Amino acid sequence: MPSCTGSMGGTSKDKPVRERPSSDDSSSNDSSSKGKLSITTADGKKVEQEYPTCAEAKKNRVLVVVNGLYLHVAPTVDGWPYIENGRVMVPLRAIADVFEFEVDWKASEQKITLIKEEKTIVMYIGKSEILVDGEEVLLKDAVPAIKKGVTFLPVGQLAGMLGIKAEWDSKTRTVKFN
């Protein structure tokens, strides 16, 4: 993980969040430029991730803690959690894994079905109406979305529906689930 405080990345708040530039990064020592990292995924797909400056990253980051452990996402696979209209949006795959949901995705309908034990949640990309065990519930302020090919869910609202306590710390920009 590139770091603002790592030995290679330096500690300047204006340096990009990266350890070293990718081969096609021509921005020599411009400390205000964004960093780029190119990787090849297991299926052979080349993915380029743009990293913000350290100051931007610290200002905009959102941390997710579940039962005392930080939720780690791979930015090139899962995407970074972010805030949309005051709601924390977390990658579907990361949150489904941590809360142990079975996920069914129907791309043609942009339909997501989450199943855990006897609880079923059905939602659609871009729609505020969802079904929780067959009963319609409205999401407020944020809806399931696809951003750079990654599906994000308004996790706090979903946790509430499941009886999971969510706590937001605005000072550290951390959401904690217990």
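This report describes the confidence, sheets, nonpolar cores and aromatic pairs of a predicted model.

## Confidence of the model

The average pLDDT of the protein is 77, and 76% of the residues score at least 70. Residues 7–32 fall below 50 in pLDDT, although this stretch has 56 contacts in the model beyond near neighbours in sequence. Where pLDDT is low, the predicted coordinates should not be read in detail.

## The five-strand sheet

Five strands form an open sheet in the order S7-S8-S9-S10-S11, and their pairing is antiparallel. Strand S7 (102–106) and strand S11 (135–138) stand at the edges; each has a single partner strand, so one side of each is left without a neighbour in the sheet. From one strand to the next, the twist averages 20 degrees. Strands S10 and S11 run antiparallel and are joined by four bridges, and Ile130 stands opposite Val137 in S11.

Thr113 is found in strand S8. Thr113 counts as buried because its relative accessibility is 10%, and the cut-off for burial is under 20%. Leaving aside neighbours within four places in sequence, Thr113 is in contact with Glu102, Val103, Asp104, Thr120, Ile121 and Val122.

Strands S5 and S6 form a hairpin with two residues between them, and Asn85 in the turn has a positive phi of about 50 degrees. The two strands, S5 and S6, run antiparallel and are joined by three bridges. Within this pairing, Ile83 stands opposite Val88 in S6.

Strand S6 also pairs with S13, in the antiparallel sense and over three bridges; here Pro91 stands opposite Phe152 in S13. S6 is mostly covered, with four of its five residues buried.

In soluble globular proteins, nonpolar side chains tend to be buried together. The largest nonpolar core of this model has 28 residues, and those with the most contacts inside it are Phe99, Leu114, Met123, Leu153 and Phe177. At least two residues of this core come from each of several elements, including strand S3 (63–66), strand S6 (87–91), strand S8 (111–116), strand S9 (119–124), helix H3 (155–161) and strand S15 (174–177). Helix H2 gives the most to this core, with four residues.

Met123 touches Gln110, Lys111, Ile112, Leu114, Ile130, Pro144, Leu153 and Leu158, not counting residues up to four places away in sequence. Another core, of five residues, lies apart from the largest one and has Met89, Ala142, Val150 and Phe152 among its members.

## Aromatic pairs

A search of the whole structure finds two aromatic pairs. Tyr82 and Phe152 form an edge-to-face pair, 4.9 Å centre to centre and with 70 degrees between the planes. This pair links distant parts of the chain: Tyr82 is in strand S5 (residues 82–84) and Phe152 is in strand S13 (residues 150–154), 70 residues apart. Both Tyr82 and Phe152 are buried.

Phe99 and Phe177 also form an edge-to-face pair, with 5.8 Å from centre to centre and 90 degrees between the planes. Phe99 lies in the loop between H2 and S7 and Phe177 in strand S15, so that pair links distant parts of the chain, 78 residues apart. Phe99 is buried, with a relative accessible area of 9%, and Phe177 counts as buried at 1% relative accessibility.

Definitions and conventions. Residues numbered from 1 in each chain as written. Predicted model: local features only at pLDDT ≥ 70, side-chain atom pairs only at ≥ 80, totals over all residues. Heavy atoms only, no water. Core = buried A, V, L, I, M, F, W, Y, C linked by side-chain atoms within 4.5 Å. Buried < 20%, exposed > 50% of the residue type's maximum accessible area, 1.4 Å probe, protein only. Contact = heavy atoms within 4.5 Å. pLDDT = per-residue confidence, 0-100. Pairing = 2+ DSSP bridges. Axes fitted to C-alpha atoms, helices over the stretch in contact; angles between N-to-C directions. Phe/Tyr/Trp six-rings, centres within 6.5 Å; stacked < 30°, edge-to-face > 60°.
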